Amino acid sequence: MKFWTFLGRLEGGMASIGAGLCLLAMIVITVISVVGRYVLHHDILPGAYNLIERVAFPLIVFWAAPMAHREATFPRFDMLVNAMPARVRRAVQVLVGVVELAIYAVVMWYVLRFTWQSIVEDRTMQVGADFWPMWPVLVMMPLAFFLMMLEMMRLIWKDLRGEDHPPPASGNDNVSAAF
């Protein structure tokens, strides 16, 4: 189980450190931009909006999504499933897991195609007057989907073996334990 522990730590690091630093960067960039615009009457950070919109925010989402999936903080309608007998519940969970995995596999295919095409075409984004390569941000999308698909396969395997899923993160607010 060292592999799953490693993945849990990787996802936790991506969510808490990576997404946390992106959130901090968004705050700092916004404050500097607003102070420059309204106090100094000068655009201190040209392209600040593009930097937040095309770099920081996507990284927050794609770095936090695998951990949110692992900790079962995604909304689920499981009231009906929990009322079923254990054997039927496991069968339904396997079926739902396979369908979910298939949908994510299709999305992953298109994300990989888009990412690879963007790398080959050297897709860029405009930040201020400069053009930055997009591949450092884009490669995080397939990584996030791959990690979520691994977790789905693990949950399907547990359902097939008849093991229970761990309960969602403790607390009433569904905030990740890494924060």
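**Figure 1. Order of elements along the protein chain.** From the N terminus on, the elements run α-α-α-α-β-β-α-α. That gives six helices and two strands. Helices (H or I, at least four residues) and strands (E, at least two) are DSSP runs, numbered from the N terminus. The model is predicted: local features need pLDDT of at least 70, side-chain atom pairs count only at pLDDT 80 or more, and totals for chains, interfaces and linings use all residues. Residues are numbered from 1 along each chain as its sequence is written, and side-chain values use heavy atoms, leaving out hydrogens and water.

**Figure 2. Overall dimensions and surface of the protein chain.** The C-alpha trace spans about 65 × 40 × 30 Å along its principal axes. The radius of gyration is 20 Å, whereas a compact globule of 179 residues would have one near 16 Å. This radius is taken over C-alpha atoms, and the globule rule is 2.2 Å times the number of residues to the power 0.38. The accessible surface comes to about 11,700 Å², with 69% belonging to carbon and sulfur atoms. Areas come from the Shrake-Rupley method with a 1.4 Å probe; for residues, only the protein chains shown count as cover. Of the 179 residues, 35% are buried. Buried means under 20% relative accessible area, exposed over 50%, partly exposed in between (1.4 Å probe, protein chains only).

**Figure 3. Helix α1 and its cover.** Helix α1 covers residues 2–38. Its end C-alpha atoms are 52 Å apart, which agrees with the 54 Å that 37 residues should span at 1.5 Å a residue. The expected span is 1.5 Å times one less than the number of residues. Buried residues in α1 include Leu7, Glu11, Met14, Ala15, Gly18, Cys22, Met26 and Ile29. An α-helix has 3.6 residues a turn, so residues three or four places apart point the same way. The cover over the buried residues of α1 includes α2 and α6 (140–161). Contact means heavy atoms within 4.5 Å.

**Figure 4. The bend in helix α2.** Helix α2 (residues 48–70) has 23 residues and reaches 33 Å from first C-alpha to last, close to the 33 Å expected. At Ala64 it bends by about 30°, and Pro66 follows within four residues. The bend is the angle between axes fitted to the seven residues ending there and the seven starting there. Just after α2, Ala72 takes a positive phi of about 60°.

**Figure 5. Met125 in strand β1.** Met125 lies in β1 (residues 124–127). Met125 is buried, at 2% relative accessible area. Not counting residues up to four places away in sequence, Met125 touches Arg54, Val55, Asp130, Phe131, Trp132, Pro133 and Met134.
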